[in-house]
Amino acid sequence: MYYTLLIKKKYNFSGGIKCLSINTELDNYIINYIPYPKEFFVHVKYNTLKKNMLRVKINQKVLCGEPLTFGDCLSVPIHAPTSGLIKNIEFNSNCFGINKENIKITIISDYLDQWIRLKKINNYKLYSPQSLIKIIYRSGVVGLGGAYFSSSKKLMLSINKVHTLVVNAVESDPYITADYCLMNNYLNEIFIGCEIISWISKVKNIFIVIQEDKIKLISQIKLLIQNKPLFKICIFKKKYPAGSSKIIIQSLTGKDIPYGQHSIDIGYLIFNIATVYAIKRAVINGEPLIQRIVSLYNDKNHLSKNFLIRIGTPINFFLNYLKIKNNLDYMIYIGGVFMNNILIDLNYSISKDINCVLIRKYEKKTKKPINYSCINCGYCVQVCPVNLLPQKLYLHSKYNHHEKAKSSYIMDCIECKICEKVCPSNIPLVKYFKREKIIQNEIDTEIKRKKMFFNHFQQREARILNQKTIVHENKNDFNNTNLMKFSVLEKTSKKEFVNKQEIEKNIRKEILRSSIERAKLKK
Amino acid sequence: MIIILIFSLVSFLLGLILAYTHYLFPVKTDPIINKINNELPQSQCAQCGYPGCYPYAKAIINKNEKINKCIPGGSELIFKITKLLNLDKNIEDINIQNKSLVYTTVKIDEKNCVGCSKCAIFCPVDAIIGAPNFMHTVVQKFCTGCNICLLHCPTNCIKIIKE
């Protein structure tokens with residue numbers, strides 16, 4: 001087994017950190033289940049359409065898998081996670097992120113879990129790619145790696161543009177095991193999902209990207225691959241950050257994706273393994289996406305488990321079930337060990353883009369770590385996986401040199417926080433980068449607005465000029481025709497005109513005469 | 001052959017003459033005016049008293065116009081222009097009225113619109129659509145928030161929405 005592994009080339013990228021592997025137990029690869037809570041909170045992020053998006057009303061009964069919203073071109077429809085009664089619909093409940101507005105739908109479950117009728121497809125090759133994409137759109141599949149990008153749109157863009165499909169089984173964070181767990185349990189279904197995607201977008205070869213430490217899985221996949229010439233397995237070195245699509249494509253092909261472009265433009269279609277599984281479920285079983293695997297990572301006890309959770313389960317309930325009741329002693333984050341956001345509201349529910357819940361014991365910080373000034377040591381440069389210069393970016397962003405920061409490619413930063421961990425003088429580099437990115441985006445939108453306004457103004461001016469010339473020409477035409485007609489109709493028109501005037505004069509004279517006569521009679 | 005030669009010679013000579021005249025009477029474009037014009041918000045709202053953004057930028061340089069006349073630009077724009085023109089002393093003299101730059105858009109109350117089409121004539125970016133004697137609407141994407149149409153509506157059916 002090891003012998004075959006050694007022959008294969010291991011793909012690598014510059015920078016990154018080798019992580020200590022935790023002792024993996026069998027528990028990591030078994031899916032655990034939790035019971036259904038009484039209340040589900042479904043969060044819908046919306047952009048432009050507001051109340052028109054909703055398909056349901058308060059006090060309406062819903063079945064499991066019934067769509068709650070209409071999707072539009074940007075967002076996919078969201079489905080009810082269980083059967084029950086809709087209790088409440090709230091607008092603008094901003095608990096996660098300030099700028100994002102969302103709708104919160106509360107569903108009380110009746111514990112019956114009645115499904116809607118599912119439309120199963122046995123032979124997907126009878127359907128055209130467009131209709132399959134429509135099915136995927138209707139079942140609400142989004143990128144489950146954390147991108148939340150509608151995968152039906154991704155497939156739409158990829159038709160006739162892509163030559164390889166890359167199945168991303170590399171964890172973005174070192175200690176999350178959700179994807180491996182999924183691979184371990186549903187490997188066959190994932191292969192069917194790959195075939196469906198290859199049928200839709202007509203790819204020529206499929207790469208399965210996996211990290212080197214999962215030896216058992218690799219041998220399993222190799223056995224399955226043997227008779228299929230489409231598939232190929234690529235083994236990555238175990239390093240942090242490897243999950244990003246940019247890094248995977250760079251280390252596979254040596255090509256960089258420029259900022260603002262997607263991997264589709266180069267010819268590679270990347271899907272997370274959970275998304276592939278969801279697509280298989282959507283097409284063949286007809287199921288909408290209402291559940292996903294979330295891994296729970298506890299720092300102290302090394303309690304790392306994977307749970308199959310319905311989307312919309314409140315995190316409070318999830319923690320209570322695991323007997324982590326005293327929430328004041330714990331800090332709860334969403335995301336892995338490196339990339340995480342602190343969770344403020346425990347009533348926030350599990351949504352489609354959460355793949356890990358991190359629990360840490362709360363420690364009172366006696367001393368704040370002192371931030372020294374940058375000493376140009378260059379550790380961050382060695383470590384950066386996308387070949388940026390973090391120390392330079394830091395200086396530019398600190399002193400508000402926006403143009404210089406842009407010219408040194410700050411928008412390519414993937415916020416992996418490695419430079420921050422390595423930095424000897426404890427500078428919160430990623431905080432600066434995040435702020436700078438927001439400012440850059442604002443400048444960008446400003447410039448776009450200005451251009452748009454100016455273009456419209458110019459168009460209007462051109463239009464007005466055009467109208468003036470048209471009117472001028474029309475006037476000339478009118479005069480010409482008049483001149484033409486004048487010679488022909490001269491006499492007749494004049495005669496009529498004279499006649500009319502004479503008749504009017506006569507009438508007036510008669511009126512005057514009669515009135516004078518009446519005046520005389522009165523006297 | 002001879003004809004081609006003659007024509008090429010003539011065109012060459014004409015080109016020389018054109019280049020020489022351009023050298024003698026150059027088109028005067030001030031780079032500072034273009035820079036200020038790039039800083040201005042380009043909403044063409046004419047609230048500064050000039051017909052557009054470029055004439056205002058011209059007036060700042062040529063006619064010593066005040067910098068604080070651009071209303072949608074706000075105080076940020078004043079600082080930018082002072083930086084461009086090195087007007088450090090005058091920062092204190094400028095009275096800053098509108099501190100934050102907030103983009104607004106305008107909405108027509110479509111039930112009360114009588115279709116006089118007065119607002120559509122004055123819109124500088126053609127954001128208002130509608131035929132005369134019919135209902136008019138604002139295309140929210142194109143609206144710059146200059147609020148010129150507010151003054152010209154006879155029935156007061158245009159309202160400001162804040163973004």
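**Note on a predicted two-chain model**

1. The largest nonpolar core of this predicted model has 69 residues. Within that core, A:Met183, A:Ile210 and A:Ile221 have the most contacts. Helix 9 of chain A, residues 273–285, gives the largest share of the core, nine residues. As background, nonpolar side chains in soluble globular proteins tend to be buried together.

2. What does A:Ile210 touch, once its neighbours within four places in sequence are left aside? Its contacts are A:Val170, A:Tyr180, A:Met183, A:Leu217, A:Ile218, A:Ile221, A:Ile233, A:Cys234, A:Ile235 and A:Phe236. Another core, of 31 residues, lies apart from the largest one. Its members include A:Ile248, A:Ile249, A:Cys384 and A:Phe433.

3. Strand 9 of chain A covers residues 231–236 and is mostly covered, with five of its six residues buried. Strand 8 of chain A, residues 205–211, runs parallel to strand 9 and is joined to it by six bridges. In that pairing A:Phe207 stands opposite A:Lys232. Strand 1 of chain A, residues 10–11, also runs parallel to strand 9, with two bridges between them. Here A:Lys10 stands opposite A:Ile235. In general, the strands of a sheet pair through backbone hydrogen bonds, in either the parallel or the antiparallel sense.

4. Chain A also has an open sheet of four strands, in the order 3-6-5-4, where the pairing is antiparallel. Which strands form the edges of this sheet? They are strand 3 (39–45) and strand 4 (61–62), and each of them pairs on one side only. Strand 5, residues 84–91, and strand 6, residues 102–109, are paired over seven bridges in the antiparallel sense. One of the residue pairs is A:Ile86 with A:Ile107, the latter in strand 6.

5. Helix 12 of chain A spans residues 390–398. Its buried residues are A:Pro390, A:Gln391, A:Leu393, A:Tyr394, A:His396 and A:Ser397. After this helix comes A:Asn400, which has a positive phi, near 60 degrees.

6. The second largest pocket has a volume of about 1400 Å³. It is lined by 30 residues, and the closest to its centre are A:Ile443, A:Ile447, A:Lys450, B:Glu39 and B:Lys80. Four elements are listed as giving two or more residues to the lining: helix 13 (402–407) and helix 15 (429–522) of chain A, and helix 2 (31–39) and helix 4 (74–85) of chain B. Helix 15 of chain A supplies the largest share, 12 residues. By class, the lining has 14 charged, eight polar and eight nonpolar residues.

7. How many cavities of 30 Å³ or more are there? The count is 10. The largest cavity has a volume of about 110 Å³. It has 14 lining residues, of which A:Val42, A:His43, A:Ile78, A:Ile311 and A:Lys352 are the closest to its centre. Its lining divides into eight nonpolar residues, five polar residues and one charged residue.

8. Chain B has six helices and four strands. Read from the N terminus, its elements run α-α-α-α-β-α-β-β-α-β. The chain has 163 residues, and buried residues make up 33% of them. Of its contacts with a separation of 6 or more, 53% are between residues 24 or more positions apart.

9. Two loop residues of chain B deserve a look for their backbone angles. Most residues other than glycine have a negative phi. B:Asp126, however, has a positive phi, near 60 degrees. This residue lies in the loop between helix 5 (118–122) and strand 2 (128–129). B:Asn156 has a positive phi as well, near 55 degrees, and is found in the loop between helix 6 (148–152) and strand 4 (158–162).

10. Is each of these two residues buried, partly exposed or exposed? B:Asp126 has a relative accessibility of 24%, so it counts as partly exposed. B:Asn156 counts as exposed because its relative accessibility is 61%. The cut-offs behind these labels are under 20% for buried and over 50% for exposed, with partly exposed in between.

Terms used
Residues are numbered from 1 along each chain as its sequence is written. Chains are lettered from A and ligands numbered from 1 in the order in which they are written. This is a predicted model: local features need pLDDT of at least 70, side-chain atom pairs count only at pLDDT 80 or more; totals for chains, interfaces and linings use all residues. Side-chain values use heavy atoms; hydrogens and water are left out. On a 1 Å grid over the protein atoms alone, a cavity is a set of points where a 1.4 Å probe fits but cannot get out, and a pocket is an open set with protein on both sides within 12 Å along at least five of seven lines; lining residues have an atom within 4 Å of a point. Grid points are joined across faces, edges and corners, and a volume is the space filled by probe spheres set on the points. Ala, Val, Leu, Ile, Met, Phe, Trp, Tyr, Cys and Pro count as nonpolar, Asp, Glu, Lys and Arg as charged, and the others, Gly among them, as polar. Two strands pair if DSSP finds at least two bridges between them. A nonpolar core is a set of buried Ala, Val, Leu, Ile, Met, Phe, Trp, Tyr and Cys residues joined through side-chain atoms within 4.5 Å. Buried means under 20% relative accessible area, exposed over 50%, partly exposed in between (1.4 Å probe, protein chains only). Contact means heavy atoms within 4.5 Å.
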